[in-house]
Amino acid sequence: MLSLHGSAAMVLVAGLVLGGLVSAAPVVAQEAKQVALPFGGPFDLQGSNGKRVTDKDLRGKPALVLFGFTHCPDVCPTSLFTVAEALKQLGPSGDDIQTVFISVDPERDTPELLATYLDAFDPRFLGLTGTQEEITAVTRAYRVHRLKVKTASSAEGYTIDHSTLTYVVDAAGNVASLIPYGATAEKIVEVLRARVLPRN
Ligand code: NI
């Protein structure tokens with residue numbers, strides 16, 4: 001443990017805490033209404049729809065918020081594919097969820113690139129990017145780990161290490177639940193129904 005540098009130790013601790021939160025949280029809709037986890041905050045970013053998008057624009061509808069980048073070799077595609085599967089399983093209710101993919105690599109992720117990339121998973125997905133400062137602000141608000149790492153395996157010579165939680169945000173803009181990487185589409189559907197979708 002002592003050999004871990006600061007940020008790695010923080011990520012580890014955060015992972016343990018979040019792991020506990022996720023598994024300990026009972027799936028009870030009434031309780032969910034009062035729960036707002038300490039993640040998220042105001043943002044103002046450039047959308048893949050060609051518009052500026054703020055946190056306020058997302059209110060009125062539950063959202064799934066993911067952080068990642070289009071050059072991500074496997075984690076991001078897996079997460080996006082699984083969310084797309086979950087929305088398919090929800091049928092028409094899938095239209096009630098706004099999926100938002102916030103770039104941790106604004107250097108490469110233009111709005112146009114995000115639009116093309118996300119369309120391949122689900123055309124309802126919205127990509128957000130911005131300046132380095134704007135992305136730093138939103139990743140801090142969501143407590144997202146983001147680290148540029150040199151690599152020989154990409155043309156630009158770098159990749160981005162990033163944390164992989166999916167944030168379940170309610171219609172009021174509060175983070176209501178966290179979904180860990182690796183969750184199945186069925187699990188995502190279960191969490192959405194329990195936390196943010198109206199009960200039938
Ligand atoms: Ni990724």
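**Metal site, helix packing and burial in a predicted model**

Me: In this predicted model, does Arg143 count as buried or exposed?
Reply: The place of Arg143 is in the loop between helix 5 (132-141) and strand 6 (146-150). A residue counts as exposed when its relative accessible area is over 50%. Because the relative accessibility of Arg143 is 57%, this residue counts as exposed.

Me: Which residues coordinate the nickel ion?
Reply: Along the chain, the donors of the nickel ion follow the spacing C-x3-C-x85-H. The coordinating atoms are two SG atoms and one NE2 atom, at 2.0 to 2.2 Å, and they belong to Cys72, Cys76 and His162.

Me: How many residues apart in sequence are the parts that Cys72 and His162 tie together?
Reply: Both Cys72 and His162 coordinate the nickel ion, the former through SG and the latter through NE2, and both residues are buried. Cys72 lies in the loop between strand 3 (63-68) and helix 3 (75-90), whereas His162 belongs to strand 7 (residues 158-162), so the parts that this pair ties together are apart in sequence by 90 residues.

Me: What is the relative accessible area of Gly68?
Reply: Gly68 has its place in strand 3. Leaving aside neighbours within four places in sequence, Gly68 is in contact with Cys76, Phe101, Ile102, Ser103, Val104, Asp105, Asp109 and His162, and two of these, Cys76 and His162, coordinate the nickel ion. Gly68 is buried, and its relative accessible area is 0%.

Me: Is helix 3 parallel or oblique to helix 6?
Reply: Two packed helices are described by the angle between their axes and the distance between the axes. For helix 3 and helix 6 (residues 185-195), the angle is about 60 degrees and the axes are 8 Å apart. That angle makes the orientation of helix 3 to helix 6 oblique.

Me: How many nonpolar residues does the contact of helix 3 with helix 6 have?
Reply: Helix 3 passes helix 6 in a right-handed crossing. On the side of helix 3, Thr82, Val83, Glu85, Ala86, Gln89 and Leu90 take part, and they meet Ala185, Glu186, Ile188, Val189, Leu192 and Arg193 in helix 6. By class, this contact has two polar and three charged residues, while the number of nonpolar residues is seven.

Me: What is the relative accessible area of Ile97?
Reply: Ile97 is placed in the loop between helix 3 and strand 4 (98-103). Leaving aside neighbours within four places in sequence, its contacts include Leu87, Leu90, Leu192 and Val196, and of these Leu90 in helix 3 and Leu192 in helix 6 also belong to the helix contact. Ile97 is buried, with a relative accessible area of 3%.

Me: Which residues does Asp122 touch, not counting residues up to four places away in sequence?
Reply: Asp122 lies in the loop between helix 4 (111-119) and strand 5 (126-129). Its relative accessible area is 6%, so Asp122 is buried, given that buried means under 20%. With residues up to four places away in sequence not counted, Asp122 touches Ala84 and Leu87.

Me: How far apart in space are Leu178 and Phe39, C-alpha to C-alpha?
Reply: Leu178 is found in strand 9 (residues 175-179) and is buried, with a relative accessible area of 4%. Although Leu178 and Phe39 are 139 residues apart in sequence, their C-alpha to C-alpha distance in space is 9.8 Å.

Terms used: Residues numbered from 1 in each chain as written. Predicted model: local features only at pLDDT ≥ 70, side-chain atom pairs only at ≥ 80, totals over all residues. Heavy atoms only, no water. Donors = N, O, S within 2.8 Å, 3.2 Å for Na, K, Ca; no water. Helix = DSSP H or I, 4+ residues; strand = E, 2+ residues; numbered from the N terminus. Buried < 20%, exposed > 50% of the residue type's maximum accessible area, 1.4 Å probe, protein only. Axes fitted to C-alpha atoms, helices over the stretch in contact; angles between N-to-C directions. Parallel < 35°, antiparallel > 145°, perpendicular 65-115°, else oblique. Left-handed = near helix turned anticlockwise from the far one by under 90°. Contact = heavy atoms within 4.5 Å. Nonpolar A, V, L, I, M, F, W, Y, C, P; charged D, E, K, R; others polar.
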